[in-house]
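Work through the exercises below with the sequence and the structure at hand, and try each task before you read its solution.

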Amino acid sequence: MKTLTTCTLAPAFGLLIALGFTPTAQAATVTNHSGTICKNYNDYEATKIDFLARGTQNSAAYATQVICPLTRAANSSAGATAYVDIYHYGYQTTSCTLYSYTNLGTLLGSASQSWSGSGARELSIYLGSGKSAAWSDYSVLCTIPGSTNGIVMGVDLYEY
Amino acid sequence: MKLLHLALAASVASLSFGVYWSAAEHRAPPPQADRAASAGRLAPRQADAGRVNAPVAVQSAKPAVESGMAALRREMAILRAEVGALRQQVATAGGGPVDGALAKDTRHDPIAQAEAERQRQEQMAAVEANFRGEAADRSWSERTTATVQHALAGQVAIQSSLRSVECRSSTCRVELSGGNAAALDKSLPLFANRLTESLPSVTVNQVEDGAGGVTTVLYLSSEVDQPPVDGG
């Protein structure tokens with residue numbers, strides 16, 4: 001039986017390859033965003049969020065949130081990873097959460113990561129396939145340090 | 001679309017088998033000594049003896065092999081034409097990648113939406129079943145429930161619609177219903193962000209309750225999803 005299967009399928013697959021017919025491969029896509037896409041999450045803090053050429057920072061005396069809308073380049077439902085590039089002046093903490101909402105506004109899920117430390121760091125936040133849909137919208141909410149002690153420099157989206 | 005791909009694959013496979021079968025029929029059997037030698041049944045010397053006779057057998061099989069090759073070439077040409085036609089058919093039917101940038105826009109297709117919702121509810125039933133089947137760890141449960149309550153501090157919209165908080169050993173189930181939906185929309189992301197350290201992964205099920213309201217169930221997990229190996 002095994003021999004028969006091998007005899008039957010081997011030439012078939014060989015022929016498929018010879019004819020250049022391969023199954024559709026799903027290519028991952030990457031979309032890079034400057035951190036300057038991030039803006040105040042709370043309306044009363046519009047004047048507290050400051051922009052640099054290399055990103056967004058918080059000039060309030062306390063930590064607060066910025067929201068970063070992400071552009072999708074594909075409509076796979078296999079999930080995505082958001083890479084958030086941050087910079088801390090001194091020992092600080094930044095927490096970021098990636099959200100997925102359907103095109104009808106239903107929240108599907110979220111994934112979070114935080115980092116405490118000094119200098120540059122990349123957060124890697126993976127949102128699994130059960131929390132993503134072909135047409136869901138992604139955004140990242142970050143709580144960033146106050147007193148311009150932290151910068152969101154970039155948010156890159158890797159879609160599977 | 002999948003059916004079309006399957007039909008394409010099946011037809012190519014069956015045609016290939018036909019080609020292979022006809023080629024096998026035309027192929028001359030290898031000399032007995034070679035077959036035996038390759039099977040390791042003859043001593044090297046006996047195998048050498050077999051090779052002496054081999055050209056004779058090959059010589060006699062040559063016309064059959066040539067006619068077999070010609071038949072193969074003809075069938076290859078037919079197959080190429082058929083695969084080309086099927087490719088055209090797949091492309092015309094909108095058969096680009098199922099996922100990816102070229103996928104068909106199903107956002108305004110009620111049937112596709114209903115199917116997506118059905119699949120989603122199946123997933124959510126599995127998530128609920130997993131939670132119900134999760135072992136209870138009293139220590140973790142008490143500690144994490146306190147963390148959740150702490151994250152709720154100041155979140156008036158969530159507190160006013162909170163129906164239950166239940167933690168097991170790695171997951172907490174938070175049920176919300178009623179209250180100010182707009183305020184809840186604003187507060188939920190903050191709530192999840194506050195729990196980054198202890199419950200970084202959240203799966204949400206939002207269903208209409210039949211009375212014009214929405215019931216939201218959050219499954220907050222301490223376990224982080226792992227991305228596919230080839231990603232990143």
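**Exercise 1.** Find where Thr148(A) lies in chain A, and state whether this residue is buried or exposed, or something in between.

*Solution.* We begin with the position: in this predicted model, Thr148(A) belongs to the loop that joins β8 and β9 of chain A. Next we take the relative accessible area of Thr148(A), which is 29%. Because buried would require under 20% and exposed over 50%, Thr148(A) counts as partly exposed. Finally we turn to the backbone, where phi of Thr148(A) is near 50 degrees, a positive value in a residue other than glycine.

**Exercise 2.** Carry out the steps for Ser147(A): what is its phi near, and in which loop does Ser147(A) lie?

*Solution.* The phi angle of Ser147(A) is near 55 degrees, and this is a positive value in a residue that is not glycine. As to location, Ser147(A) sits in the loop between β8, residues 137-144, and β9, residues 150-159, of chain A. With a relative accessible area of 37%, Ser147(A) is partly exposed.

**Exercise 3.** Explain how Arg118(B) and Glu115(B) are placed in helix α4 of chain B, and describe the contact that Arg118(B) forms with Glu115(B).

*Solution.* The contact is a salt bridge, in which the closest N and O atoms of Arg118(B) and Glu115(B) are 2.6 Å apart, and a salt bridge is counted when such atoms come within 4 Å. Both residues belong to helix α4, residues 110-133 of chain B, and because they are 3 residues apart, about one helical turn separates them. As for accessibility, Arg118(B) is partly exposed at 40%, and Glu115(B) is likewise partly exposed at 33%.

**Exercise 4.** Trace the salt bridges of Arg132(B) with Glu128(B) and with Glu166(B), and then name the network to which these residues belong.

*Solution.* First, Glu128(B) forms a salt bridge with Arg132(B), with the closest N and O atoms 2.9 Å apart; these two residues lie 4 residues apart in helix α4 of chain B, which is about one turn of the helix. Second, Glu166(B) also forms a salt bridge with Arg132(B), and here the closest N and O atoms are 3.1 Å apart. This pair links distant parts of the chain, for Glu166(B) is in strand β1, residues 162-167 of chain B, while Arg132(B) is in helix α4, 34 residues away. Arg132(B) is partly exposed, with a relative accessible area of 38%, and Glu166(B) is partly exposed at 27%. Lastly, a network of salt bridges links Glu128(B), Arg132(B), Glu166(B), Arg168(B), Arg173(B) and Glu175(B).

Conventions
Residues numbered from 1 in each chain as written. Chains lettered and ligands numbered in written order. Predicted model: local features only at pLDDT ≥ 70, side-chain atom pairs only at ≥ 80, totals over all residues. Heavy atoms only, no water. Buried < 20%, exposed > 50% of the residue type's maximum accessible area, 1.4 Å probe, protein only. Salt bridge = Lys/Arg side-chain N within 4 Å of Asp/Glu carboxyl O.
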